[in-house]
Amino acid sequence: MTSISKELERILEDYAPIVKEGHQVLIGLLDGTIHLEKGQEGDAPVQIHVSPLDERLEITIDTLFQGI
């Protein structure tokens with residue numbers, strides 16, 4: 001059996017109920033993103049997709065959309 005980090009365990013505990021209700025969750029990390037979505041029948045209940053970032057922008061959402 002493969003062990004998971006305490007951080008991933010916490011993410012799954014916090015977000016698995018939301019994902020199981022059919023909502024997708026995207027979590028931004030310092031160097032990438034984690035996308036959680038409901039698994040298909042026969043798969044794990046929560047599918048985890050990891051995408052590393054090629055470039056990091058030091059900008060806020062408010063600045064990006066100019067306070068809209």
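User: Where does Glu-41 lie?

Analyst: This is a predicted model, in which local features need pLDDT of at least 70 and side-chain atom pairs count only at pLDDT 80 or more, while totals for chains, interfaces and linings use all residues. Residues are numbered from 1 along each chain as its sequence is written, and side-chain values use heavy atoms, leaving out hydrogens and water. Strands (E, at least two residues) and helices (H or I, at least four) are DSSP runs numbered from the N terminus, and Glu-41 lies in the loop between E2 and E3.

User: Is Glu-41 buried or exposed?

Analyst: With a 1.4 Å probe and protein chains only, buried means under 20% relative accessible area, exposed over 50%, and partly exposed in between. Because its relative accessible area is 85%, Glu-41 counts as exposed.

User: Which strands stand at the edges of the sheet?

Analyst: The open sheet has 3 strands in the order E1-E2-E3, with antiparallel pairing, where two strands pair if DSSP finds at least two bridges between them. Each edge strand has a single partner, so one side is left without a neighbour in the sheet; these strands are E1 (25-28) and E3 (46-52).
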